[in-house]
Amino acid sequence: MTDQTGLEQEIAVEQRHLDRVYARLAELRRSAVRAERDGYRMARVGTFGALVERDAMVFHAAQRRHALDAEYEGLVFGRLDLRDRQVLHVGRLGIRDEDATTLVVDWRAPAAAAFYQATPAQPLDVVRRRTIQSRAERVTRIEDDLLDPTAAPEGMTVVGDGALLATLSKATGRGMRDIVATIQREQDEAIRSPGSGVTIVAGGPGTGKTAVALHRAAFLLYSDRSRYAGGGILVVGPSGVFVEYIASVLPSLGEDTATLHSLGTLFPGMTATRPDPPEVAAVKGSLRMRRVLERAARDAVPGGPGELRLLYRGTLLRLDRAELDRIRDRALHRGARRNEVRRAGFDGVFAALWAQAREVGIRLPEQRTFEGEIAERAEFREFLKAWWPRLHPRHVLGWLARPDRLRRYASGILSNAEIRLLSAAYRSLDTDGLTIADIALLDELDALLGKPAKPARARRDPFQLAGGVRELTTASDRQRAARAAARERPEDYRDYAHVVVDEAQDVSPMQWRMVGRRGHLASWTVVGDPAQTAWTGDPEELTRARDQALGRRKRHDFTLTTNYRNSAEIFAVAAAEIRRLYPDLPLPTAVRSTGVDPVELVVPATELETATVQAAAGLLAEVEGTVGVITPVPRRDEVAGWLAALAAPRLQVVTSLEAKGMEYDGVVLVAPSEIRADPGAGVRTLYVALSRATQRLTTIDPTD
């Protein structure tokens with residue numbers, strides 16, 4: 001041991017503690033397995049009380065075993081040496097020894113707050129803060145911050161240049177980097193802000209907005225599990241690529257109960273990944289579209305019957321289109337939802353037929369008998385189904401693909417130029433499918449149409465087998481099934497306890513209405529950067545829609561000012577781009593320098609493919625982690641075809657819009673001038689694309 005360096009000695013110290021932690025973890029897991037097994041044995045007592053006790057015992061033991069298994073990797077990641085000589089190890093899960101000595105403090109516990117909040121200016125009684133990196137059960141690296149040198153005992157070893165910058169120099173891997181061990185004070189204050197109200201976190205690229213949002217979700221689940229796990233936490237991201245990117249973060253923090261959605265998947269049963277051009281997205285996202293959709297939701301069904309002709313007791317009864325329209329309009333009184341007032345529409349038809357029959361002098365039975373006779377006729381029932389069918393929002397949205405209908409619905413609401421844009425966009429609806437912006441319109445139509453009345457259905461017995469045979473079960477089995485059924489949420493669940501909106505600057509007014517319907521009972525966390533917005537519509541309308549969704553809840557505002565992602569050399573290029581639009585915009589400070597400047601290539605258009613392939617292959621060789629190739633939206637499939645031969649799992653091709661929220665160790669940015677040329681959000685989109693790289697950036701522009 002005498003020939004070990006200070007670093008090796010400190011790693012050995014932490015390894016001994018880690019060995020003790022994992023030994024205790026194994027013991028706790030064995031205990032949980034025994035408790036689970038002993039719980040099943042309690043059923044032999046034969047009393048109902050024993051069965052109930054067994055069920056509770058087994059349930060909690062299984063939960064504990066699952067938690068211990070889930071937190072195995074990277075269990076301990078930090079250490080605090082305090083002024084009173086106390087040592088606390090911080091990790092993903094709280095663990096005590098058999099004599100109740102604390103081996104690991106859960107990162108969400110108040111005792112761990114100093115790990116994130118302490119600074120040299122305010123050390124919070126922390127002398128040394130250590131970050132511990134491990135793989136499996138082996139310590140691989142440690143980094144120290146000496147926060148209070150005057151209180152350091154003689155001989156205290158301090159290792160490394162600072163935990164955060166060392167961590168950020170590492171490769172990210174395919175999923176989002178778990179930065180739980182490197183959250184700084186300004187991030188931690190936002191994470192631990194009050195659970196009620198609205199927490200708004202603003203910050204430029206690389207400031208850790210997404211990490212803050214996800215760690216906040218995990219913190220809320222930890223601090224008030226009955227509320228947030230019971231009501232649920234919804235996390236909304238801008239794209240499917242982004243949601244896949246962050247999907248592993250919450251489970252890695254010990255939480256797997258949150259629901260993750262992109263804006264293209266929030267409406268049940270529908271998925272959209274295709275973006276609209278910015279000018280079309282601005283029209284579809286405008287609040288004026290609600291008035292357009294209101295008109296559509298009240299209109300006659302395309303191809304529906306224009307009149308009703310019915311022979312009753314030798315006399316022809318006839319309702320023409322005008323009368324049918326009046327009946328429909330009366331049934332659809334202000335605020336009425338079409339699918340919910342079908343009965344009122346049908347009653348209007350019966351009443352009109354009855355009045356007409358009396359007017360022409362037909363000898364009539366009682367009105368109820370008259371209606372019964374009419375209702376029994378198959379042709380009349382077919383008329384009602386065709387005249388007032390149950391409508392799905394997708395049906396009504398499809399009506400906008402008919403130029404005559406779109407002009408009628410949008411007249412006086414949208415400009416002629418906007419109507420032409422929408423008409424051209426919806427011309428390919430049946431062949432190309434929905435766009436991301438259409439999902440919010442479907443949700444709006446769903447609110448306007450309402451849900452058709454459905455007869456109550458008895459809940460299916462999960463133990464009923466085919467042929468009427470019932471599976472043999474215990475009381476515990478049945479109670480466990482009942483608990484699972486009680487926790488089951490409907491597909492279109494709208495009563496979340498907390499809603500997290502990431503990249504909020506890109507949520508359109510109509511999308512805010514969609515998200516707001518799912519958070520009417522919720523507290524909120526909203527993170528974004530106005531400088532990165534792709535929204536080209538009315539900014540006042542956007543603010544109004546957001547404020548309506550968030551309601552009058554108390555606001556807690558936080559601003560992140562330090563860019564931890566990009567090297568200073570890379571962010572300088574991105575900053576120069578956004579300064580074109582906003583010369584005086586406050587930008588975050590990039591605190592890490594690699595000494596490697598971005599590579600800017602200009603090649604003939606005929607050589608763009610070769611240059612892109614070479615650049616991607618070069619970055620794959622230079623960096624250990626992921627490489628992103630970012631393209632203008634129209635070029636995505638073309639560039640992906642060029643790179644197919646590389647077949648590298650670490651390589652991902654995304655558009656400049658899909659890149660939002662992502663990060664890569666190396667980035668090849670194809671045709672940045674084409675991204676900049678977009679008259680709407682081109683410069684802002686390019687700013688985003690330029691700030692995705694942590695270590696290496698290569699831009700390649702074609703020339704004629």
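This report describes a predicted model of one protein, from its overall make-up to single residues.

## Basis of the model

Because the model is predicted, local features need pLDDT of at least 70 and side-chain atom pairs count only at pLDDT 80 or more, while totals for chains, interfaces and linings use all residues. Residues are numbered from 1 along each chain as its sequence is written, and side-chain values use heavy atoms, with hydrogens and water left out.

## Overall make-up

The secondary structure of the protein comes to 28 helices and 21 strands; here helices (H or I, at least four residues) and strands (E, at least two) are DSSP runs, numbered from the N terminus. Of the 704 residues in the protein, 52% are buried, where buried means under 20% relative accessible area, exposed means over 50%, and partly exposed lies in between (1.4 Å probe, protein chains only).

Contact means heavy atoms within 4.5 Å. Among the contacts in the protein with a separation of 6 or more, 75% are between residues 24 or more positions apart.

## The largest pocket

Rolling a probe the size of a water molecule over the atoms shows where empty space is left. The search uses a 1 Å grid over the protein atoms alone, and a pocket is an open set of points with protein on both sides within 12 Å along at least five of seven lines, whereas a cavity is a set of points where a 1.4 Å probe fits but cannot get out; lining residues have an atom within 4 Å of a point. The largest pocket has a volume of about 1,000 Å³, a volume being the space filled by probe spheres set on the points, which are joined across faces, edges and corners.

The lining of this pocket has 40 residues, and the closest to the pocket centre are Pro275, Asp276, Ala534, Val633 and Leu657. Two or more lining residues come from each of helix H8 (240-246), helix H10 (278-284), helix H20 (436-449), H26, helix H27 (672-676) and helix H28 (682-690), and the largest share, 4 residues, comes from H10. By class, the lining divides into 19 nonpolar, 12 polar and 9 charged residues; Ala, Val, Leu, Ile, Met, Phe, Trp, Tyr, Cys and Pro count as nonpolar, Asp, Glu, Lys and Arg as charged, and the others, Gly among them, as polar.

## Helices H25 and H26

Helix H25 (residues 608-622) packs with helix H26 (residues 636-643) at an angle of about 60°, and their axes are 9 Å apart. Axes are lines fitted to C-alpha atoms, for helices over the stretch in contact, and angles run from 0 to 180 degrees between N-to-C directions. In this pair, Leu608, Glu609, Thr612, Val613 and Ala616 of H25 meet Val639, Trp642 and Leu643 of H26, and by class the contact has 6 nonpolar, 1 polar and 1 charged residues.

Ala644 lies in the loop between H26 and strand E19 (651-655), and this residue counts as exposed because its relative accessibility is 53%. Ala644 and Val613 are 31 residues apart in sequence, and their C-alpha atoms are 9.5 Å apart in space.

## Buried residues in strand, loop and helix

Val201 lies in strand E7 (residues 198-203) and counts as buried because its relative accessible area is 1%. Not counting residues up to four places away in sequence, Val201 touches Ala190, Lys209, Val212, Val526, Val527, Gly528, Phe558 and Leu560. The C-alpha atoms of Val201 and Asp502 are separated by 9.7 Å, although these residues are 301 residues apart along the chain.

Ser656 is found in the loop between E19 and strand E20 (664-670), and at 5% relative accessibility Ser656 is also counted as buried. Leaving out residues up to four places away in sequence, Ser656 touches Ile630, Thr631, Pro632, Val633, Ile675 and Thr685. Ser423, in helix H18 (residues 416-426), counts as buried at 14% relative accessibility, and its contacts beyond four places in sequence are with Pro403 and Leu406.

Helix H22 (residues 509-518) is mostly covered, with 10 of its 10 residues buried. In the loop between strand E12 (498-501) and H22 is Glu503, which counts as buried because its relative accessibility is 4%.

Most residues other than glycine have a negative phi. Glu503, however, has a positive phi of about 50° although it is not a glycine. Asp125, in the loop between helix H3 (113-117) and strand E5 (126-135), likewise has a positive phi, near 70°.
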